[in-house]
Each structure stands twice: as C-alpha cells, then as structure tokens.
Amino acid sequence: MKKIKYILIVLSGVLTITSCDTGELELTNPNTLSPETFFKSESQVQSSVNASYAGLQTRGLYGRNFSFAMDLMAHDALGNPQLEGNKKPFQDFSFNGGNDIIQYYWEACYIGISRANFVLDNEAKINALPNSVLSQEKKNKYLGEAHFLRAYYYFLLVKRFGDLPIYKTGTIIGNARSPKTDVYALIEEDLVFASQNLLPRATEAAGRANKEAAYAYLGKVLLYEKKYDEALVAFNSVTGFSLEDKGSFYNNFMAETEHGKESIFEIEFDEKNGTGDQWGAVGDSQGTGFEESTLRGQEYGNLSWYNVYPSDDLLDSYEAGDERFGDTFYVPGSSYLKGTKVMLASNFTTSAGIRRAGWKKYQNYYIREDEATRSSINFKVMRYADVLLMKAECENQRAGGSQTAAIAFIKEVRDRAGLTTAIAPTKEAVFTAIIHERKVEFAGEQSRFDDIIRWGIANTELQGTGFTAGKSELWPIPNRETSSNPNIKPSDNNPGY
Amino acid sequence: MMLKLKYAIITLLIISSHNMMAQSKTIQGVITDPSGFPLPGASINVEGTQNSASTDFDGKYSLKGVNPTDKITYSYVGLISQTITVGSRSIIDVTLVQSTQNLNEVVIAYGTQKRAKVTGAISTVSSKDIAAVPITNAESALQGRAAGVTVVNGAPGSSPAVSIRGLATMGNSAPLYVIDGVLAGNLSGLSPNDIDSISVLKDASTTALYGSKAFNGVIVVTTKKGKKGPGQLTFSTYVGGQTVTKRYDVLNTQQYLQYAKDLGSDLTARAAEFGNINTNWQDQIFQTGLMQDYNLSFSNGTETSTSRYSAEYMKQEGAIVNTGFERYSFRANNTQDIGKLKVGSNIGVSFSTTNPERSAGGRTLLEHSIKMAPYFPIYNANNLGGYQGPSAIDGNDAENPVRVANLGYQKINGLSIIGNIFAELEIYKGLKFRSQVSLDYYTSKDHTFVPSFQDGSYHKQAFSTTNETNGQGQTIVFDNSLTYKTTIAGKHNIEVLGVITKIDGKSQTLTAGSRYSISNEIDQLRYNEGSLGSANFVEKNIGYIARINYDYNEKYLLAVSGRRDASSRFGANNRWGNFYSVALGWNIAKESFMENSIFSTLKLRASTGTTGNDRIDNYQYSATLIANYNYPIGGANAPGVSLGVASNPDLKWESKLDRNIGLDFSLFDEKFTGSFEYFNNKSSDILFAVPLPASVGSAGGGTQIQNIADVKVSGFEVSLGYNDRKGDFTWSAIANLGTSKNEVTGLAPGVTSVLGGPSARAGLENFSRLEVGQPLFYFYGYQTNGIYQNQAEVDAVFGPGQTTIKPGDIKIIDRDGNKIINSDDKTNIGNPYPDFTYGLNLNAAYKNFDFNCFISGVQGNDIYNANTFDLEGMNRLFNASTAVLDRAIVVNGVVTNPSATLPRAQGADINWSSANQRYIEDGSYTRLKNIALGYTFSGDAFKAYFSKIRFYVSGQNLITVTKYDGLDPEIGRADANANSAGIDLGRYPQPKSVIFGLDVTF
C-alpha cells in the first residue's frame, strides 16, 4: 500500500512537470528588432533612411551591373571576349525578360522604394516624437531623404521600363503598371517635397541627399519631361557649386577628392567598412551586410579583369587637345601609380588583340597597381558640369531661350577641358555641341544612353549595333515580375518582348 | 495370492511401461545461423510449457525433461522460428534462417509490435542487411531495401537526402529520425555497425504518433543492445578505395586554340608561352580516395542486466581532392533490472571532421575544371601561392581548380551526443510506466583559411582570410508514458498507450571572419577587417499522445491513435494541431477456412490518418526588422534598419491525410514472401516561401511563407522475396518496386503559378514551376525544334526586321504564334520524378562462402543538367565540351553544316540563358550498387582463438547503365528543398569503390 502511494506521488510529480503551461510556447525572436517598438529615437529614424540608401550599393545597381549595362548600351564601352554572357546582350540589345541583370536592377530599385516607403509609412510615428528627441526640422529632413530616394529609384526605373507599378506605401500585393506620366508626377512630387525639406549642403553631412541635389534632380526630371522652363528654375536653385579647376578634372574620379566643389550627389563606397560577401546572392539586390565597395575598378581596369574597353567611336570623338581624354583613358605611355609607372602596349593586350585604351575614370591605378581589393571611389552621379550642360539644353530648347546663354554654360565646361573652338549661336549648332559635350564629358558615367534615348537619336547613333527602334529604348519587365505579380502578365510587357 | 501377485506385476509393468513411454530425456544441440555461426542467447521452449532454455556462448543448449512427443520451438530475434517434434532424437542441431519477410518483432513508434499484428506500412532493415554492404552513413542502408524510400548520397560527411514515398511537401522533405526514442535530424553521428534495426514508418497509422514532426515519414532506429550470455567481443574492419572514373569530354589545347580563334581570340602565342601543354583539369580534381573503418564492440548480459559498448574509427578520403570525412564514435547501451523497475541508458558520442568540397567565385570545383583553359600548367612557382591562373590576355576567367581545392583549408569539426536515460516500472501486471529523457546535442565549428595568392591578373587575394562559423544546439525531449497490456478471455488482446511529450530545442550560431595582410602564418581569427554575428533560436513543442491496439485472437486487428500537438513556430491562432489515425487488419491466414493452405501469412490491412509539418524557420509569424543594411556616410558606417522578410501571422500547420491499403503474404513455409501497398495521400496548406512580386520590394529574396498548395501523392509499392535451401546452398532474392506520383491539386486564392528552384548558374533562368494539375516543381520552359538554317527560316517565324535571332540560333517554338518569344511560350518540358524506383537484392551462401548483389535504379525521370550550360552554352570563351565542335557555323547568313547539333557560338541570349529543352535529359538509370563475396573460416584450428572470422571483398557502383550525360544520374535534389528536384548543379558524384573487409568474433 505504501509502495503504491510512493508511485502515485512520483507519477503525479512527473505529470505535472510535463503538462506544462502553454504560455511557454509564446516566443519572441531574440535576433531581430520589432516594428512595433521602432521609431523611438533619432538614430532609429536615421537608420530607417540609411537602409534605403544601402540599396544603391547593390550589385544590381552601382556595386556592379549598372556601369556595364549603361556603358555597353551607349557603346561608350565594348566587351572584351571574357565579358560574361549576361552582360554581353547589352552591347547588341539581345536581352530578354530572363536576363538577371535586368531582374536585379528592377529588384534593387523596388527594394530601395519599399525601404523609403517604410520610413514614409511611419511618418505619423516620426512626427509624434517630441521635439526634444528630434526637432521638426530634422523630422522633415529625414522624411525629405526618403522622398528623395524614392524619386531617385523611380527615375532609374522609369527610364528603363516606361510604365511602372507604383507603390506609395508598403504592401505585398503587386500592382499593375501605371502610365509613365503618373510615375513622373510622383517623382516630381517627391523631389519638390525633398527640395523644400532637405538641409542645404552647408549643414548636411556629406553623402546624404541635400537641398541642392533635390533641385538638380528635379531639374533633370523636368528636362526629361521637356518642361524646359520649370527645369531651368530648378537648376537655378542649385547654388554654391563650381567646376573642379582646369587641370583638376580627375578630382571627380578619385577617392581622396570626394564631395568636392563640383559634386552634388554621390553614391558612396568605402571598402574599409567591409567588402562583404563578394558573390552572395543577397548582394545582387538586397544590400545586406557590409558590402561597401564597388567592382567597377576591378572589372573595367586594363591591369585587372579588363572586361570592357573604351570603344573606338568614343576615343575618336575627342577633339585634339581635349584635356579630358588623358583623365578618362589610359593609353600606352600613360603614367600611373603616382607617376612611378608607365602603361605599356602589353598592358592593353586581350585575347582578341591589343586595344587602344583602357578606362582611367574611377580606376584606382593612380595610387595602386592592381584593383584586387575592389574600389572605394564614389560615383559622382550628379556633377555641376551636368547641371551646366542641362541648363544649356534648357536655354536652347525653351521657347524664347537664349543660345548665347546656352553657349556660356557650355563654354564653362569646355574651358575647363582646354578647348577654345567657338560654337555657332544657332539652335542646331548648340544642340550638336551639347550632344558632343555630354558624350565626352560623361564618357563611362552612364549618361549617354539616357541622353540619346530622350533626344530620339538612338536609332541613328546605334545603327548596326542590334538596336531596334520601338523596342530597344526600353528593357523588358523581368520574368521574375511577370511570374509573381498576377497584375502584370507576360503579355503586358514592353513592345517586342 | 498368485493371482494377486500377477495383477500386481501386470500393474507394475503397465505403470513402468507407462513410465518408460513418458520417460523424459535431456536433449542437446547447437543453434547456428546459415553460415554456421553459433547463435548465443537463442531461446528453446517446449510448446505449451514453461520448460525452456537458452543457448550459451557457443550456441549450445541442453534442455531437460523433454518427451518424444513434445514440440520444441527454437527462436532468435530476427530469424524465423522453427518448431521441431523431438521424436527419438537426443541431439538436435538447428539452423535458423532469416526471414525475407522481415523481423518478427517490429519496432514502431513508442514500442515494438509483432509483425503479425502490424496494420500500417512499415519497411524494416535489419543489422544483417546493414552489415552486407560497407557503408559510411547509416541512411545508405535504406537505399533500395525499403520500397518507396530514396536515398541520395552527397560529399563525404554530408547527410544523404532521404525521402519516403515521394514528395508531399515543398520545404524540407527529410523524414524524422528517431534513434532509441531520441528525435534527431539525421543519422550522421551513428555508426552503421551499432544499428540493430531500422523501421521506416510510411503511413499515418504508424507515424501519427509523432504528430507535427511526422509529415515526411519517420525512420526509427534501434541500436544494438547487450544480449544475455557470456561476453562477446567482435572486431570488424574494412579498407578500400573510391574513385570517379567518368569525365566530361572537353577540348584539348589544340582544339581549344582553334575554338578560341573562331570566337575571336588568338591564344596561340599564349599557349606557346606555357610550352603547349595539355592539362586535364578534371583529372586534377578527382582522386582515388582511401576508405578505412575499424569497429570494436563488446556485448554481455546477466539475468538482470545487459550492456554493449562499441567504438569506431572511420576515415574516408573523398573522390575529389581535399575532401573527406573522419569520425570517431562511441556508444554505450545498458539496462538494469531492479525488481519491477528497469532502468537503462543508450548513449552515443561522436567526433567528426569533414573537409567539404570547396568553391570560389560562386562556381563549383567541377565548373572551374570544365571551364579552365587546357594550356595552363597547374603550378607556377613564380606566382604568390604557387599556382597558375588566367589573366586578361586569356579572355577566360575560370579559376585554377587545384588552387581552389588545395590552397588553405576548410574543416568542419563536429561533436554529437545522442542519448537517453529511461526508467520503466511495472506498476501492476500489464501496466507499465516509462519515463525517458532524451538529448540530442551537437556542436560544429566550420573553419576556413585561405592564404594570400595571385594566380594571374584575375584571381588574387592580397591578404589571408579566416572565417569561422560555430554552431551549437540541443534538443531535450521528456517523454512520460503509460502502457497497459491485457488479454481478456484469452482472445481479446488489448494494448493501450498514453504519452505526454515535451520538446525543448535551442540552437545558436556565431560567425566571424577576418583578414590579415601581414602574413599567411596565422590561420586564426584576429581583430582585423573583421565581421561578426550571432543568432539564437528556441523551439518548443508539447504533445499528448494516445494509442489503442486491439486484436481478436490475432485475426482481426484494430489500431487507433491520436496526438494533440502544439508548436512555438506558429502564432497563437494556429498553434495547436490534432492528428489521428485508424487502421484495420485481417489475418486471413488464421481463418479456419485457410487451414492447410499454402499461405502461412495472408494479411489485408488498411489505414488512414493525419500528420502535420512544422518544418519552417522559427518566428516566421511575427513581423521583424532587419538591421543589417549599411551605407557609408562621410567614411563611417551608417547602419540601416528596415522591414524584414514578410511575416505571416496566419501561418498554420501543413497537414497530410494518408490512406494506405496493404496486403502481406508468405507461402510455402515462408519460402515466398511479399507485400503490396497502395497509398493515396493528400497534403494540404503546404508551407512554401512564395516569391512575392519583385516590385513590392520585400526583403530576404522577396518571399513570404504561406500555406499555399494542396498536393496529392499516390503510388504502389511491391516487395517480393524468395528464399530456398538445398544442402549447403542457401539463397534469397528480394525485389522491390515503388511508384510515387504527385500532383498539385490546389493553390492559394490569387496564386496561379509559382516559379522556383535554385539559380542554376548566373544568368540562367529558373526552371521549376508550381501549377495546379502538374507535378510539384516540374520543369517549365521553351520547347525547341532544331536550329535556324537561314534568314528565310528566321523571318518565317518573326517577320523581317528583327536582329536578335539570327541563323544558327535555336528554334524556340513560338507557341502562341505572336512572333515574339516570351514567357507565354513556355510549357511543361520535363518531370523530375521517376515513374518508378526499384531494387533487387540477391543473397547466396554455399558452405563457407557468402555472396550479395544489389541493384537499384529509377526509371522515367528527367534531369535538368545545369552543367550543359558550362559545357555547351558557348556564351563566352571558356573551355567547353567537344560537342561544341559540332556547333552551327554561319557564313553569310547561312548555316554551312546543317547537321550541327548545337547553335552558333555566342549567339542570341535566349540560346543559353532561357529555360529550354536543351538542358533536359532522361535521368533513368540502373546501377549495381553493391556486389560482395565473403568467406568464413571455420574449423578447430581457429576455434581456440576465434569463434568466427569472415573476409569479404565488395564493390560499389561498379556498373551504371544510363543515357544521362552528366557524371552521375543519382541526383535526387540539388538541396533539401523540393523545388530543386531533379536539378544537377554539378553534384558530388557517387564514386566507384572496392573494399576489403574482415569481421572477427572472439
């Protein structure tokens, strides 16, 4: 009897231990932050904005593919035989909706947009913070950065894809494509907000979007919409900048001279913060981790991978005496490594023969012999030279514009290049000068393809390259989207895809 | 008086004669297995009495008080019992043979069951089957032996991919492993020599007791226990070599130079620089690896205790250079009877070191060895690190695979402890209480060190890198169970089980990396350009389990079970799940009308039930932020935080309804055995990371875990066995065949299709698609129809004017005829699942010789061979298959060699980047998995020292018949996920091996 009693005690004890409280099953994830408790301090608000910037560094954009895709389409650059198969189609316009570079570009931009939307969706929470925690001016400026970045990404997208699904708030439901005029309207709206709320360059940290950058991009977007008068107004608000001095054009392409007097907006890279997982999938469009360098130097460099080389057409476009040539290209005889070494003809040898030149812009050879550690050099995506040439274009194109005023803007840029030939004050001559000047000033800066598309001259400029008018102006919506978004079907794709 | 005496004498005589007739005697003999090996601990029982004995160490027995009319049953675990009428004999030697049908006692969830009473679908593999083939991991023992089970091995030290009855889920489809009641993720820490039996539980009536963990089936492993009798020491070893003999046929230097010239690169001078040599890079990465295994075990038992101890050392060099696996494993299993209390423990500890296959630049070793130009030497003493690689001048940036494999090292050190401690108390006759605490504990340290190197202008690293990932995890399971077993009126057998189980799992990882540019001498982490991260996970489960087994005289069987389960992986709304099963059986052979029939077993059984699946990552139901986006502002890092992977608060269990009908039979005294099974399972609310529209910009690859699909899986399984004996010759054959067909029957509202699958190669589209009415992740892409021969053919399809597609490109069929090739033209171009899988196992023994031959295969599946992209893609200059010599040559817009099988080199993007038929191949194969011949020494010369010595030689994978062009058709899946089914990304090929072995029993 006693025995049974003991057994029962043991048994009931055991059963109590096991038949536990189901509250134990309620677990919180110890590895991540929770959205419910976020946006409580300035550093939290700022970090939500930083996340949207991080999308710019992905391999889908400035980390890698953007340079290739744009320079190859413009025929600024051509591929050497080792150029990878997914990049080659940009040279002959044979890409289709399955191309991963197009997919990552699309994804990276939309991820940047969704992160900007995460900030804007929490506008009420941010504004509810006491001013002692965050001043109203700062609240506005952080929201302004989110608006700026959203506009930046939509602008990248609308140029490549035309009509777009528009998201002004976070969701997981895919939208149908809206007309590109609606996209431009949203971009304008965002940039207007940004220009009114961002801090001026003088008080904002270098690397963040500032008021002048917002005006410069607002002007550029308006120019793309051919709203020349409005664009000019915006450009005129970009003050306090000037060109790098004559003889110092290369300051625009080195790491040590970043955020100089000509630089309005840059995409930041800094390898000392980490070069992360070079090939991991998250780097294509997610921008996770410390991947703070760009592959540009390694891939373009003639002492490194030399995947692309400057096209003969581009090299031949430079006028005799154009000082930019020597700052844009290396040729046999160019000095490098702080003047201690000289490029030899053999440094331009590829398996398809000896090339005339290699890229110097954005290369690290001025201080390093090789690019293997990848590059920290920021991309100066909005230079004052661009603003000057766009102002010239506005003047030349707007009703009642002044060719003389336009020529004055162009002359500023040409003077710096050491060129003195005068431009005839006719609309045609000025336009021809702008076409030429933008080609050589921004060679290898992913500008020319956008320019010849908006000018409508791509079909003649790219004749014989595989460019098909009515199709090649736009990229296809990637298959990844048409297979996952029930509101965009393969048949909704751009013409010809 | 005389008369009286006479009667008395007669009576006495009668009595004495009666006594004489009933005179009990002592019989003795030896019980052996078919190879003559004595069986200690076999039991001998006089039918209907308590009179019994067991054999001693030498298999000898002696049994007193036996009458000539008595029937004696000789039995031994795992062997067919024999019943012999004594008659006049006083020496009875018995040879017990193994049943082809299987063991008589079958291990099931939370206990064992007599095979005759089993109502579910269970395949078993015995220790003898396991011993027949030298294997390095326990999972391999299942291959081809259990109908409906597929096992695909990977690199040494990796856990094989095992699936039961095809795919029913889209995530992790690995079954649940239960080792002596301990839930485990795989069997990697377990020495195959320590396994007593493996039961594969295939239908819900056998798996439902494991509830939310049983979705993919359950593999129950029982380790060998000590046996009553004197101590027995055994030693076994094998040594052998393994190698991969198949190679892709790639261009030699001369062919490569011509091919490069055609593609616009003249490399003649470059090749001459290296002396016009010809390096076969594939030969450089494959090797003959040495395999060795040593195993020592000791088992003994007394009346009240048993124990078994074992130790093993196993080392396996891979068939690819610098890959391999090494393991030390130890096991101690003990039981102790203390009156009505039985306590015991089963504990296994293993230490392992794995050298995995290394990769670089996002490409596998095999991919590099295909693509690397053949004119390079392997080594160059002038280069930092000592290897030769390409520079820009070579126009080909494949990496030197020998450098990738050999420079520095990657080592994964693992420790695993799997064990339990239990106590079992008989509270009342038939009523038992059992309490068990189980532990599954592991640590792993994955350390990679790569010194600085420079092979050429492409591949260089100016610093050494050290990376380490440390993982640690533990799962503690606390089970308390009550069983009650009784027989009412001699015929109603009832067994009731109740269990409360609680699972607490924890795991954590710590990853760190650093760079060092000063020296290559230090391979440890340091605070220099470092990275650091850690994560911590907790998982909890609670389950309440009940089961009732009833049978009427073993003739009519009924089993009912239920489990109520809760998992922390789901939100409060959907945390609990209920699972049940019902099974019926009818032992027809026991019916009176079957008396004297040829059938010794004829059993019909049917079952239905449900199981669940919680195999998703932890915390998926709660929204999170990711704090790992970084951007430099002013040279300093500006940390970024944004929304994490899209959460889903409505996540619920995947559930599966199983239906199974089976027929077991054995004829002619168990000579011929077999079983048929038919199953028809329906999985609902299958969890899958559904790709969200890319444009919503979701984190983590843009997916959300959703309960997205319903899938039907049905199939047949047949196993047939035959065994016979003629004098000294015994033989048996077991054949099995399984089919499994899956079909998506429903998708979540609003979802019409999902594209998935791993990215096969940078630039190559995904192939795998989910759609109602199709198999799970069938191959979806363009159909092709030869090659465009001239411009007229191109224009006939696209109309004039376009320049993307040119003569020499692949004719992709424009299915909708809109003159544009886009995703609307894609269709089903392949099915990754076989029509059937099969295995044939032949065993024979003659005197001291034994022989085993084992063939397995699959039929009717397609493989998506991603290696074709490297070998025949021709999108840029890399070394390639000799097939490229037969590519279309286009001169003035006309293909000059119309018989060409490949498109033009560097042709339209769509030739190689699109999902199309050129990558799909027939994956059927038949493979001689194992062939072995053994010889057992016997005779008095040895008896003094050994009780048994067996030598054997065996060969694995020696012959494969297949049309597949890849290195190995035994693909399975590229990774653990269903959406990689049938995709060959350059999987570690199954090597051929030859092994010499020795088993000694002292």
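Which residues in α9(A) meet which residues in α10(A)? In this predicted model, local features need pLDDT of at least 70 and side-chain atom pairs count only at pLDDT 80 or more, whereas totals for chains, interfaces and linings use all residues. Residues are numbered from 1 along each chain as its sequence is written, and chains are lettered from A in the order in which they are written.

On the α9(A) side, Y215(A), A216(A), L218(A), G219(A), L222(A) and L223(A) meet Y228(A), E230(A), A231(A), A234(A) and F235(A) of α10(A), contact being defined by C-beta atoms, placed from the backbone, that lie within 7 Å. These residues divide into nine nonpolar, one polar and one charged, where Ala, Val, Leu, Ile, Met, Phe, Trp, Tyr, Cys and Pro count as nonpolar, Asp, Glu, Lys and Arg as charged, and the others, Gly among them, as polar. The axes of α9 (residues 211-224) and α10 (residues 228-236) of chain A, as lines fitted to C-alpha atoms over the stretch in contact, come within 8 Å and cross at roughly 165 degrees. The two helices are therefore roughly antiparallel to each other, a term for angles over 145 degrees on a scale from 0 to 180 degrees between N-to-C directions.

Chain A comprises 20 helices and twelve strands, taken as DSSP runs (H or I, at least four residues, for helices; E, at least two, for strands) and numbered from the N terminus.

The contact between the chains takes 100 residues from chain A and 94 residues from chain B. On the chain A side, the largest share, nine residues, comes from α5(A).

Key. Contact = placed C-beta atoms within 7 Å. Parallel < 35°, antiparallel > 145°, perpendicular 65-115°, else oblique.
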